[in-house]
Amino acid sequence: MITFDEDKQIFHLTNNRISYLIQIKPGGYLAHIYFGKKIAHYSSSYDYPQVDRSFSPNPPHAVDRGFSLDTLLQEYPGHGFGDFREPAYNIRLNDGSRVTDFRYHDYQIRPGKPQLAGLPATYVSDEHDAQTLVLHLLDQVSQLELKMYYTIFTKQNVITRSAKLTNHGNDTVEVNRLTSVAIDFPAASYDLIQLRGAWARERNIVREPLNLGIKVLDSKRGASGHQQNPFVALVQPETTEFQGEAIGFGLIYSGNHETIIQRDQYAQTRVLMGINSFNFAWQLQPETAFQTPEVVLVYSDAGLNAMSQTFHDLCNQHLVPRRFQQRQRPILINNWEATYFNFDENKILKLAQAAKEVGIELFVLDDGWFGARNDDRTSLGDWFENKAKLSHGVSGLSAQIHQMGLQFGIWFEPEMISEDSDLFRNHPDWVLEVPRRERSVGRNQYVLDFSRAEVRANIFKQMTTILDQANLDYIKWDMNRNMTEVYSQVLPALQQGEVAHRYILGLYDFLSKITQAYPQVLFEGCAGGGGRFDLGILYYLPQSWTSDNTDAISRIKVQYGTSLLYPISSMGAHVSAVPNEQTHRVTSLAIRGNVAMSGVLGYELDLTKATADEKQAIAEQIKFYKAHRQLLQFGKFYRLMSPFNHNDVAWMFVSEQQDEAIVFYFRMSAEASYPLVTLKLAGLDPAKHYRLGNAVYGGDELMNIGLYVDPNLTGDYATQRYVIKAIED
Ligand code: DGJ
């Protein structure tokens, strides 16, 4: 898949569908030629024209005045020798200079894909599933070596990239920026798509034409964050869900991140993505290396749906823990919105019994079971059971719930500490804080310094004690505030710029150890809902709580946006009570069910208070979900109509064999004299015939003529669900 043309000095990474082309220019500069649809044989007749542009300097020994790094399309650009755009790296050398001049040295082509030490990354189980190009670059003066990793996947339209910097010099250097990816695109018009949001309003799609200038999309919160997901897509202005080109960038990282998009004076576009360079200062000592996180690049020539489907496949087959690749997720009930902190064993058992009766499979005991925690002011860090609430402890409760025929799991917030806790009384210096300054609180809690091994070891021991005593099938790993006063008590002044990243490395180390020690346990990530829903977390925890907002109407947008890159099997989605706790909106059980079963279905309401009719309706939803779980969790997902520009929203799931599909339709608000709504379906076999209710349609009819939504549908928040099955001709 990867070839090197010695004569033309061109690397060509290609599978049957995509091509990525890199050229070594005279002097050893790496030029980016192309990333897009497959080029069968690159002729190299096309040479990106470089003209003599005023105020664009030429590097030393350039033979041609047209050759300037300021205008060249590059693979991993620097700063200080002629390129005035945003650089991929910024390194301070011992003499105070920041000019590092990396030139191509040699390359390696390897089967498969190497893993990144200490960091989550996509993986392959079979060497034939990917091939990797490693480009070695050197800066002769500083003796810094840069290795750039490019992996092309055989079956997906995916290239992954990362970089590793090794210091072979005698002096420590300070790394202030080292992005995971840099690509320059030739002059063209693009739209930029990003996923922006807030707590309880995560990952809304924002699309805008890309204008001249620099746009920075980032998080300085210590987590990937609710506000800005580490993802962007560059698309053609005419790209839709079904047609046009799209290039998606997804960063496999959970901490401070930064995406810089620069459209320069000649309308060329540069995209940089990686760890946030703000306040980042890594002391790279002699003979040590710094590895960046990985970025996933997805190319689609068939619109955003195809881009998303590629991300979904990649996550499901090459990112989540292997044992969860195709493992169906259980239907859970979580007691949080039903009880908050106010529960005891008796109440939990009643709720569990009611859950069992409607067909739920897993009971999750949320916040409040430990220490003396009856509100959010206390006990984080004291991970031992509260016997006043749970008279038989976690293990006793677990045994009773298992006896009912349910699985059982509990909530932890391992990275946090309450001031009112034994842990804080014993180790007040374990929090992130700046000496002589006061600490900021968030939800009455502080952040533990997870960059420190002894802090992690303490929490690990406490968690595993519970895990070893009680029979647990599931853990919810929560994280409910962002970092302030980022400073570690044990690092010297010069290394304080490393803390935010060291914290994430510590978190990954912890997640890796605990998930490997308890492989049977399903871990669900959470950060006040979807505040750390990213590809890094998915590598360890195969599903995440999508949002604290359980309102079906808000969730339509959140889940629609989330599906841009995260698979449905990773999105926790619960039916909750009405009026909704976050929006106070009242919606039908039908729409709450249809939205939640478009993710990993769960329930989060007091079922002991539900009426017989409600229980009956819930039991039917669960029965339906169980019957179609494989399709709804792992089927091909198509977004049909967007909530960001329609009152009518639709999406659908299609089975791998194209013999079954489920379509969901949602109407945001009612209007008089409502126009007829046509749903043009997608992903079916045009040659097959499908049964829908009593009627039979051709796949071509359903996709081209479409389905008419019931014209008699009335009311706000109306919904329809269609199950379509292929029939033998
Ligand atoms: C925030 C989570 O998102 C909620 O689901 C719940 O677990 C609370 N934390 C508990 O404190």
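## Two backbone exceptions

Pro579 has its place in the loop between strand 30 (571-576) and helix 10 (589-596), where helices (H or I, at least four residues) and strands (E, at least two) are DSSP runs numbered from the N terminus. The peptide bond that leads from Val578 to Pro579 is cis, with omega near -5°. Most residues other than glycine have a negative phi, and most peptide bonds are trans.

The model is predicted, with local features requiring pLDDT of at least 70 and side-chain atom pairs counted only at pLDDT 80 or more, whereas totals for chains, interfaces and linings use all residues. Residues are numbered from 1 along each chain as its sequence is written, and side-chain values use heavy atoms, with hydrogens and water left out.

## The ligand and its pocket

The ligand takes up the space of the second largest pocket, in the sense that a molecule sits in a cavity or pocket if more than half of its atoms lie within 2 Å of its grid points. On a 1 Å grid over the protein atoms alone, a pocket is an open set of points with protein on both sides within 12 Å along at least five of seven lines, a cavity is a set where a 1.4 Å probe fits but cannot get out, and lining residues have an atom within 4 Å of a point. This second largest pocket has a volume of about 480 Å³, a volume being the space filled by probe spheres set on the points, which are joined across faces, edges and corners. Its lining comprises 24 residues, and those nearest its centre are Trp199, Asn480, Gly528, Gly529 and Asp548. By class, 8 of the lining residues are nonpolar, 7 polar and 9 charged, with Ala, Val, Leu, Ile, Met, Phe, Trp, Tyr, Cys and Pro counted as nonpolar, Asp, Glu, Lys and Arg as charged, and the others, Gly among them, as polar.

Around the ligand there are 13 residues, of which Asp366, Asp367, Lys476, Asp478 and Asp548 come nearest, a residue being near if one of its heavy atoms lies within 4 Å. This shell consists of 4 nonpolar, 3 polar and 6 charged residues. Among the polar contacts (pairs of N or O atoms within 3.5 Å), an oxygen atom of the ligand lies 2.8 Å from a polar side-chain atom of Lys476, and a nitrogen atom of the ligand is 2.7 Å from a side-chain N or O atom of Asp478. Gly529 contributes through its backbone, with an N or O atom 2.9 Å from an oxygen atom of the ligand. Of the 290 Å² of accessible area that the ligand has on its own, the protein covers 98%, as computed by the Shrake-Rupley method with a 1.4 Å probe.

## The largest pocket

The largest pocket holds about 620 Å³ of space, and of the 27 residues that line it, Phe634, Gly635, Lys636, Val654 and Glu656 are the closest to its centre. At least two lining residues come from each of helix 1 (303-318), helix 12 (629-634), strand 32 (636-641) and strand 33 (648-654). The lining divides into 10 nonpolar, 13 polar and 4 charged residues.

The whole structure contains 6 cavities of 30 Å³ or more. The largest cavity, with about 110 Å³ of space, has a lining that includes Gln23, Lys25, His32, Tyr42 and Leu73. Strand 3 (18-25) and strand 4 (29-37) each supply at least two residues of this lining, and strand 4 gives the most, with 3 residues. By class, 7 of the residues lining the largest cavity are nonpolar, 3 polar and 2 charged.

The second largest cavity has a volume of about 100 Å³. Its lining has 13 residues, with Tyr29, Leu30, Gln74, Tyr76 and Phe102 nearest its centre.

Conventions. A polar contact is a pair of N or O atoms within 3.5 Å; within protein, one must be able to donate a hydrogen and the other to accept it, and residues adjacent in sequence count only if both atoms are side-chain atoms.
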